[in-house]
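Please look over the structure shown here before reading the notes. They are meant for a reader who is new to this kind of description.

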Amino acid sequence: MTSRTVTLLDVARAAGVSKSTVSDALQGSGRVAAATRDRVRAVAEELGYRPNSAARRLRRSSTGAIGLHLPRTATRLDYYMNLAFGAVERAQEEGFDVMLLAPTGIAGGGDSRGSGDSAGPASPAGTPSPAGPPSGPIASRVDGLLVIDPEVDDSAVPGLLDAGVPVVTGERYLGPTAAPTGAVICDNAASLTALLDHVTERGARHPAVLAPAGTSAWATALRATADSWARERGVAVALRTVPFAATPGEAEETTLALLRTDPSVDAVICAPDGAAPGVLRAAATLGRPVGPGSLPTAAPHARTAPATYPRTPLLVASCVDGTATRSAEPPVTAVDLRPAAYGRACAELLCDILAGRTTPDTVRRHAWALETRAST
């Protein structure tokens, strides 16, 4: 190994001790036996380990942990669970535990409702888990923070961005407070544009978008893109707003109202994770076969649709891929945001900043892929 590639974790593995023990031994802090301290320092010298000055400035003292803040609706969505596992996996490769921050937590120890920040270490299996009562400013317990899909109206985010440790956001933060140290972003405008172009290429003339409410960069970009795409293409887009984490039932209700009000809609793009099956149920209820090659007959088990509703095919797509879209009948065309890889990318950027391998203010892009299936 060279001095550039040797990390605290490398020294810990070679010395047979924990990463925190290595840090304490090299810094002369903590309760480390003299024999252990001497062994760790000898191993570090043998491997060529050299502390990085930039990392020392950013990490005033090492806690061996990073914090992870997810949107309030995260536990309901497969996307965020997959993202969290990816972040944990990458962080552990660098020797970090991951602390999942409670949705109402902020760095200063309290929010407008009087509850403090709450965080806990990763569980023994490596999955993030929330801990109990608050025990002080979060900056004293983590070396850095991951803040995923930060919303302007999330009262926790300003405190996290101003916590005094490096912060990497998954997507940009659109609020007025301090900017994060780094960010990993997706081109959400391009992904929705690709979906709209796809359904029109497949024959749709009057698409609809069930766009998410909320103030995250993702939600804001999808609503703006639906409007700008319609103007640029000269194609009417029926835009309906649904909750950020809309359930299949909420998507079904919105789609039923949409298709009954405007039967000429021939494609529905549903944004929220896991909500697309609700669009399929609405199509079945109204006797709208799904897919460009469908016969003009009611879908199985569909209730008889009023004669005023056309039985012309309806194309269905989703802005987020997952189990619900892949296992639907028919399978639903969707944008694969590769959440586990996204979580890894966010954790990797934070680790790179902490280790001095990249500079603050770094912005990296995360690639997505369009998965076309029978629904379009």
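The notes below cover a sheet, the nonpolar cores and the salt bridges. The model is predicted.

**The open sheet**

- Six strands make up an open sheet with mixed pairing, in the order β7-β6-β8-β9-β10-β12.
- Strands β7 (238-242) and β12 (369-371) are at the edges and have a single partner strand each, so one side of each has no neighbour in the sheet.
- From one strand to the next, the twist averages 20 degrees.
- Strands β8 (residues 267-270) and β9 (residues 315-318) run parallel and are joined by four bridges.
- Within this pair, Val268 stands opposite Val316 in β9.
- Helix α7 (residues 188-201) packs on the sheet, where it touches β6 (207-212), β8, β9, β10 (333-336) and β12.
- The direction of helix α7 makes about 160 degrees with that of β8.

**The nonpolar cores**

- The largest nonpolar core has 53 residues, and the members that touch the most others are Leu70, Leu146, Ile269 and Cys319.
- Helix α12 (residues 339-354) gives the most to this core, namely eight residues.
- Leaving out residues up to four places away in sequence, Leu146 touches Ile66, Gly67, Leu68, His69, Ala87, Val168, Cys346, Ala347 and Leu350.
- Another core, of 24 residues, lies apart from the largest one; Leu210, Leu258, Ala275 and Leu286 are among its members.

- Side chains of opposite charge can pair when their charged atoms come close.
- Over the whole structure, a search finds 15 salt bridges.
- One joins the side chains of Glu151 and Arg72, at 3.4 Å from N to O.
- This pair links distant parts of the chain, as Glu151 and Arg72 are 79 residues apart.
- Glu151 is in the loop between β3 (144-148) and α6 (156-161), while Arg72 is in the loop between β1 (65-69) and α5 (78-93).
- Is Glu151 buried or exposed? Glu151 counts as buried because its relative accessibility is 10%, and the cut-off for buried is under 20%.
- Arg72, at 44% relative accessibility, counts as partly exposed.

**Salt bridges: the Arg344 pair**

- The side chains of Arg344 and Glu89 also meet in a salt bridge, with 2.8 Å from N to O.
- Arg344 belongs to helix α12 and Glu89 to helix α5, so this pair ties together parts that lie 255 residues apart in sequence.
- Arg344 has a relative accessible area of 25% and is partly exposed.
- Glu89 counts as partly exposed too, at 44% relative accessibility.

- Arg357 is in the loop between α12 and β11 (362-365) and Glu94 is in the loop between α5 and β2 (97-100), so the pair ties together parts 263 residues apart in sequence.
- Arg357 counts as partly exposed at 41% relative accessibility, whereas Glu94 is buried with a relative accessible area of 14%.

How values were computed
Residues numbered from 1 in each chain as written. Predicted model: local features only at pLDDT ≥ 70, side-chain atom pairs only at ≥ 80, totals over all residues. Heavy atoms only, no water. Pairing = 2+ DSSP bridges. Helix = DSSP H or I, 4+ residues; strand = E, 2+ residues; numbered from the N terminus. Axes fitted to C-alpha atoms, helices over the stretch in contact; angles between N-to-C directions. Contact = heavy atoms within 4.5 Å. Core = buried A, V, L, I, M, F, W, Y, C linked by side-chain atoms within 4.5 Å. Buried < 20%, exposed > 50% of the residue type's maximum accessible area, 1.4 Å probe, protein only. Salt bridge = Lys/Arg side-chain N within 4 Å of Asp/Glu carboxyl O.
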